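Please open the structure in a viewer and keep the selection panel at hand.

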Amino acid sequence: MNLGYVDVPAGSYLLEASGCWIRTVTTKVTAKAGLTSEVKIMLPPAAWCELEISSLHRPATEAQFVVEASGGKALPTTGSGTIVFGQNTDKSRQSLLIVHALPENAARIRIIAPGCKEVVLAVDPKPKKRIGLKCALEQAP
């Protein structure tokens, strides 16, 4: 893919490329007045996660998920942060979620739903790897 920008003021810029199924890449670019600069960026494939969540006792109609680093810091992902039961499958008590590009430092996915115990699932993203996870939400005490 070739992208072009015209009349960019001279200076240093950070160029970021991202998208589904690829890892985000950031590179520094220096533009000079009146000159054309070419920048080549290699976009490495990213791990993706397919997560099937069941809510058997039905206290929750939706849940929130957060992808976290090992220290607990929330990480950006290309999937939505909300899971709605019955929306992505024909079963009203299940939801299928696909997180398209897990960050390299992802360590877990935390799932929080009203009336349910919190669920924490470990992940180990590797390039070109599909991660399939399943879990069931349990009613909170």
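Predicted model: local features only at pLDDT ≥ 70, side-chain atom pairs only at ≥ 80, totals over all residues.

Residues are numbered from 1 along each chain as its sequence is written, and side-chain values use heavy atoms, with hydrogens and water left out.

**Core.** Select Cys49, Leu51, Phe65, Ile109, Ile111 and Leu133, the residues with the most contacts inside the largest nonpolar core, which has 25 residues. Such a core is a set of buried Ala, Val, Leu, Ile, Met, Phe, Trp, Tyr and Cys residues joined through side-chain atoms within 4.5 Å, buried being under 20% relative accessible area with a 1.4 Å probe, protein chains only. Next colour β3 (48-55), β4 (62-69), β7 (94-99), β8 (106-112), β9 (119-122) and β10 (130-137), which each give two or more residues to this core; strands are DSSP runs (E, at least two residues), numbered from the N terminus.

**Largest pocket.** Move to Leu3, Gly4, Tyr5, Leu15 and Val39, which lie nearest the centre of the largest pocket among its 26 lining residues. Two or more lining residues come from each of β1 (11-19) and β2 (22-31), and β1 gives the most, with five.

**Second largest pocket.** Finally, select Ile22, Arg23, Thr24, Ala101 and Pro103, nearest the centre of the second largest pocket, which 15 residues line. Here β1 and β2 are the elements that give two or more residues, with the largest share, four residues, coming from β2.

A pocket is an open set of points on a 1 Å grid over the protein atoms alone, where a 1.4 Å probe fits, with protein on both sides within 12 Å along at least five of seven lines; lining residues have an atom within 4 Å of a point.

Conventions
Buried < 20%, exposed > 50% of the residue type's maximum accessible area, 1.4 Å probe, protein only.
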